[in-house]
Amino acid sequence: MLYLLVRFLHIASAIWFLGGILARQIVRAYAKRTDDVRRFAVMSEAAGRIESTMVIPGNLAVIVFGVLVSLMIGAPIFGFLQGAERNWLLVSNIILLLGFLNVPLIFLPRGKLFRAALEDALAKGQMTSELRAHLDDPVVRVAHAYELVSMVAIMYLMVFKPF
């Protein structure tokens, strides 16, 4: 019974996490379309709240409950590194860890620059070219795309356990 509860919490937190990623990106897409800097700031704040209430805690919960499920069933978290023949869980963990690198390398430093550009645009009362440049940052776009693709890849690995 405990196993089923932990497994349910793992799946529910994955839904919460992925739902947060999708909701945040939808809000960001709508925000990007506006020419009203105050409206943009409100939608940007909403995306930030989705990040802090769904994406971050959902991600942490997925990891905690996933590790617990793995330990409960004796799944080989480290695949061949621990002598196992199945490596889908190891690959899932690598994909997840690579995604974590986006936070200190991309999201945090570029987020600071974005916030400064947003404050400047709000002070000027208009969307500035600098703020628009941050909205079109190809590195951030690729990092967000990686989030979505990696989550789909991990879900595939978790469901089908192909190798």
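**Pockets and salt bridges**

Tutor: In this predicted model, H3 contributes the most to the lining of the second largest pocket, with nine residues.

Student: What volume does the second largest pocket have, and which residues are closest to its centre?
Tutor: The second largest pocket has a volume of about 890 Å³. It is lined by 33 residues, and His10, Gly66, Leu89, Ile154 and Met158 are the closest to its centre.

Student: Which helices supply its lining, and how does the lining divide by class?
Tutor: H1, H2, H3 and H5 each supply at least two residues of that lining. By class, the lining of the second largest pocket has 26 nonpolar, five polar and two charged residues.

Student: Is His10 buried or exposed?
Tutor: His10 counts as buried because its relative accessibility is 16%, and buried means under 20%. This residue is in helix H1. Leaving aside residues up to four places away in sequence, His10 touches Val62, Phe65, Gly66 and Val69.

Student: And what about the largest pocket: which residues lie nearest its centre?
Tutor: Arg24, Arg28, Glu51, Phe107 and His144 lie nearest the centre, out of 46 lining residues. The volume of the largest pocket is about 1200 Å³. H3 supplies the largest share of its lining, 15 residues. The lining of the largest pocket divides into 24 nonpolar, 10 polar and 12 charged residues.

Student: Changing topic, how many salt bridges does the structure hold?
Tutor: The structure holds seven salt bridges. In one of them, the side chains of Lys32 and Asp136 meet at 2.9 Å, N to O. Lys32 lies in helix H1 and Asp136 in the loop between H4 and H5, so this pair ties together parts that are 104 residues apart in sequence.

Student: Which residue forms a salt bridge with Asp35?
Tutor: Arg132 does, with the closest N and O atoms 2.9 Å apart. Asp35 lies in the loop between H1 and H2, and Arg132 in helix H4, so the pair ties together parts that are 97 residues apart in sequence. Asp35 counts as exposed, at 64% relative accessibility, whereas Arg132 counts as partly exposed, at 22%.

Student: How many residues apart are Glu45 and Arg49 in helix H2?
Tutor: Glu45 and Arg49 are four residues apart in helix H2, so about one helical turn separates them. Their side chains meet in a salt bridge (2.9 Å, N to O).

How values were computed: Residues are numbered from 1 along each chain as its sequence is written. This is a predicted model: local features need pLDDT of at least 70, side-chain atom pairs count only at pLDDT 80 or more; totals for chains, interfaces and linings use all residues. Side-chain values use heavy atoms; hydrogens and water are left out. On a 1 Å grid over the protein atoms alone, a cavity is a set of points where a 1.4 Å probe fits but cannot get out, and a pocket is an open set with protein on both sides within 12 Å along at least five of seven lines; lining residues have an atom within 4 Å of a point. Grid points are joined across faces, edges and corners, and a volume is the space filled by probe spheres set on the points. Ala, Val, Leu, Ile, Met, Phe, Trp, Tyr, Cys and Pro count as nonpolar, Asp, Glu, Lys and Arg as charged, and the others, Gly among them, as polar. Buried means under 20% relative accessible area, exposed over 50%, partly exposed in between (1.4 Å probe, protein chains only). Contact means heavy atoms within 4.5 Å. A salt bridge is a side-chain nitrogen of Lys or Arg within 4 Å of a carboxyl oxygen of Asp or Glu.
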